Amino acid sequence: LALFGATTFQSLFILQAAGLSVALWHMALLNALTLLAAVLPIHPPGGWGTIDSVQVLILEWMGYGPHLTTPSILAAHAFYSVLIFVGGMAGWFMCQRPSSSR
């Protein structure tokens with residue numbers, strides 16, 4: 001429950017930063033439906049395309065315009081991808097560094 005709440009607020013803040021003001025309960029519903037869609041074997045690793053399309057369709061169903069939803073969802077996905085890449089690179093560099101306890 002805490003993880004769902006944290007990801008809901010994280011997504012809410014990122015979409016707001018991308019220019020899409022989403023109501024909190026809409027974001028919670030979007031997050032829940034996205035998690036359900038993610039278990040379907042319809043998308044490649046990373047979810048580019050299918051998960052983004054599902055999110056855009058859900059937001060349009062809630063009444064948000066496609067001229068705002070599409071670029072906001074893609075910007076949020078790009079932000080998550082860069083964040084994961086930077087974290088992975090930091091971890092890789094830390095593993096390459098010689099340990100002082102050896």
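I began with the packing of helix α2 (residues 24–38) against helix α3 (residues 50–61) in this predicted model, and I noted an angle of about 145 degrees with the axes 10 Å apart. I then looked up the hand of the crossing of α2 and α3, which is right-handed.

For the contact itself, I listed Leu-29, Leu-30, Leu-33, Thr-34, Ala-37 and Ala-38 on the α2 side, and these meet Ile-51, Val-54, Gln-55, Ile-58, Leu-59 and Trp-61 in α3.

Next I turned to α2 on its own: its 15 residues reach 21 Å from the first C-alpha to the last, which is close to the 21 Å expected at 1.5 Å a residue. I recorded His-26, Met-27, Leu-30, Asn-31, Thr-34 and Ala-37 as the buried residues of α2, and because they cover an arc of only 135 degrees around the axis, they lie on the same side of α2. On the other side of this helix I found Trp-25 and Leu-36 exposed. When I asked what covers the buried residues of α2, I found that the cover includes α1 (2–17) as well as α3.

My last entry concerns Ala-90, which I located in helix α4 (residues 66–96).

Technical notes:
Residues numbered from 1 in each chain as written. Predicted model: local features only at pLDDT ≥ 70, side-chain atom pairs only at ≥ 80, totals over all residues. Heavy atoms only, no water. Helix = DSSP H or I, 4+ residues; strand = E, 2+ residues; numbered from the N terminus. Axes fitted to C-alpha atoms, helices over the stretch in contact; angles between N-to-C directions. Left-handed = near helix turned anticlockwise from the far one by under 90°. Contact = heavy atoms within 4.5 Å. Expected span 1.5 Å × (residues − 1). Buried < 20%, exposed > 50% of the residue type's maximum accessible area, 1.4 Å probe, protein only. Arc of directions from axis to C-beta.
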